[in-house]
Amino acid sequence: MKMSTKRRLKGIIYQILAVAAMIFLLLPIYQMLITALRPSDLPWISPMPLIPEKVSFRNFVQAFQLVPRLPRYLLNSFLYGLGVSVISLGIAIPAGYALARFEFRLRRPLMVFIIYANMFAPIMLLIPIYVIMKRFGLINTYLSVILSGSIFTIPLSTWLVTSYMQTVPKDIEEASFIDGCSVYSAIYRIILPMISPAVIAVFIYAFITGWSQQFILALVLIKTDQLMPITQGLYQFFSRSSVRWNEMMAAILMSTAIPVVLFLSVQRYIVKGLTTGSLKG
Amino acid sequence: MLILPLLLAFSIFMLYPLYKVVESSFYKASFLNPTFRVYVGLENFRWLFNFKVFDPRWSYFVAALSRSLLWVGGSVGIKVVLGIAVALLLNSQFLAGRRIYRTLVIIPWAIPWAMSSMMWAWTLNSQFGLVNSILLKLHIVDKPVTFLTTAKSAFLTTMVVDAWVGLPFMIIMFLSGLQSIPDDLYEAATVDGASDWTKFVRITLPLLKPVILTTSLLSLVWTFNSFDIIWVLTRGGPIRATETLPIAIYNVAFLLTRFGGIGKASAMTMAQVALVTVISVFYIRTLRRGVEI
């Protein structure tokens, strides 16, 4: 009897602590929601009501008037994400196969370098990237952001693909070699289908990173409005002296919903790859 | 060869740029005039320690570096402590609805950093932000706080926002570390009459230590490289209070061209790369002890 009251008390205390943690973690998301849903013609009240007096979706329509290029920014971010993920996987799949299957002298140093390369951030290479892109006349092109963005997603993509390929038994593709299959067709016909959920997860990881985290690269490489990713595009409106917060939050909500939904759908694989990525060899 | 594209990508977009950073740090050059370049030897490195402009006590670089270290230390500290606390909570059998909480925790992870900062800027607004309404309602403050306009509070605020951005990753990593600790260890301890605290100190912490170590090192590097959050919230202001090393590098290379330039910014980047490399060495060593590479 005493034990069960103690348990119940613990359950209540933990519940309160968990709710407190969630308030901290979800507070800006909640503020975004109520601001985006509150009609912009209602007078501002300080402090803002926790639940909007009236709910309307007009801000989402008006966001397109406030930020006329919103569809363009979203398209650009989509293209940056797509470019980065295609390049990342195009490099990670063959490299991952080699690292998972073959024993060669460069293998160990390369695995260590991949871990090191995963530590790199745009700020560390920003100046040479700018100089190189300028020399090749690539400033203000999609290609500049896609190429320089890929280098920061290639390491983790290769690492994840390698660790998933190691889970596929060797004899499966060896049987196909006897049937006269080339290495490439063995990868694409036999191995990739077996680990397809993981490959899709890596693709989405690279896509989200390309979509979301190109802010600093775009800041130096992209000068015209037409090529800006959504982060940089919205930042222009954010850094003005007066911000139209209702429409702004509606725009941010629409443009973050895509990466968030994508990420939630594959986070299981990414977390699994990150935590159990023990690479033997 | 299958590995060739990877080697090419690494050489062209990582090793060659790294070499360019080292090379340019010995030259005087500017983006304004691409044809002009003079070899200046160690001049740029001397500049790092001699150039005092905003503060007579510290050079511009030393000030940015020490600010960076303080900021990173604080942010990673928050991430590790809160990360462990929330992970313990979400791992506890006494908590109902763990699955829902675990999904909710992940959401901030997927939001672009620049967007998170814009959302936070609005949440911290002195008139209409929820943070101020909560603080006022709980009588923690008696008048609204302006978080980003005074030096000290801007420093702390950007630090907390950065911790917010990095927290989901920490929680998930710690949570999976906790789940790998076998239950029978706790059951045996319960039979021996151990208290919750004893179990935490004697079982949880020692077994979680490798995960804590690797995750903290990873977070240390990511936080040290953090740019977007500060840039969107304060641009390094007010009065340079949040100008960490990445912000200073950007400023010297692209904005403060009158006293800056490629050479000086490259010398500063060398410090950034060196610090990341040192932490990476520790990280790879701890990884090796845990798993075989």
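Reader: How many residues of domain 2 of chain A are in contact with domain 1 of chain A?

Author: This is a predicted model. Domain 1 of chain A puts five residues into the contact. On that side, two are nonpolar, two polar and one charged. Facing them, the number of residues from domain 2 of chain A is eight.

Reader: Which helix of chain A gives the largest share of the side that touches chain B?

Author: Across the two chains, 72 residues of chain A are in contact with 71 residues of chain B. On the chain A side, 17 residues come from one helix, the largest share. That helix spans residues 2-37 and is α1 of chain A.

Reader: What classes of residue make up the side of chain A that touches chain B?

Author: Charged residues number three there. Polar residues number 15. The nonpolar count is 54.

Reader: Is helix α6 of chain A largely enclosed or largely open?

Author: The helix covers residues 142-150 of chain A. Its buried residues are S144(A), V145(A), I146(A), L147(A), S148(A), G149(A) and S150(A). That is seven of nine, so the rest of the structure leaves α6(A) largely enclosed.

Reader: Which helix of chain B is among those covering the buried residues of α6(A)?

Author: From chain A itself, the cover includes α3 (70-101), α5 (122-135), α7 (154-165), α10 (196-212) and α11 (215-221). Chain B also takes part, through residues 4-24. That helix is α1 of chain B.

Reader: How many helices and strands does chain B have, and in what pattern?

Author: Chain B comes to 12 helices and two strands. Its C-alpha trace spans about 75 × 60 × 35 Å along the principal axes. Read along the sequence, the pattern is α-β-β-α-α-α-α-α-α-α-α-α-α-α.

Reader: What percentage of chain B counts as buried?

Author: A residue needs 20 or more other C-beta atoms within 10 Å to be buried. Chain B has 293 residues in total. The buried part is 44%.

Reader: Among contacts in chain B between residues at least 6 apart, what percentage join residues at least 24 apart?

Author: The count takes in contacts between residues at least 6 apart in sequence. Of these, the part joining residues at least 24 apart is 66%.

Reader: Are α3(B) and α7(B) roughly parallel, roughly perpendicular or oblique?

Author: Helix α3 of chain B covers residues 60-91, and α7 of chain B covers residues 151-179. Their axes come within 6 Å and cross at roughly 40 degrees. Roughly parallel would need an angle under 35 degrees, and roughly perpendicular 65 to 115. That makes α3(B), relative to α7(B), oblique.

Reader: Is that crossing of α3(B) and α7(B) left-handed or right-handed?

Author: By class, the contact of α3(B) with α7(B) has 19 nonpolar, six polar and two charged residues. The crossing is right-handed.

Reader: Is R235(B) buried, partly exposed or exposed?

Author: R235(B) sits in the loop between α10 (228-233) and α11 (245-255) of chain B. Its phi is near 55 degrees, positive in a residue other than glycine. It has 15 C-beta neighbours inside 10 Å, so R235(B) counts as partly exposed.

Reader: And is I239(B) buried or exposed?

Author: I239(B) lies in the loop between α10 and α11 of chain B. It is not a glycine, yet its phi is positive, about 35 degrees. Within 10 Å there are 12 other C-beta atoms, so I239(B) is exposed.

Notes. Residues numbered from 1 in each chain as written. Chains lettered and ligands numbered in written order. Predicted model: local features only at pLDDT ≥ 70, side-chain atom pairs only at ≥ 80, totals over all residues. Contact = placed C-beta atoms within 7 Å. Helix = DSSP H or I, 4+ residues; strand = E, 2+ residues; numbered from the N terminus. Nonpolar A, V, L, I, M, F, W, Y, C, P; charged D, E, K, R; others polar. Axes fitted to C-alpha atoms, helices over the stretch in contact; angles between N-to-C directions. Parallel < 35°, antiparallel > 145°, perpendicular 65-115°, else oblique. Left-handed = near helix turned anticlockwise from the far one by under 90°.
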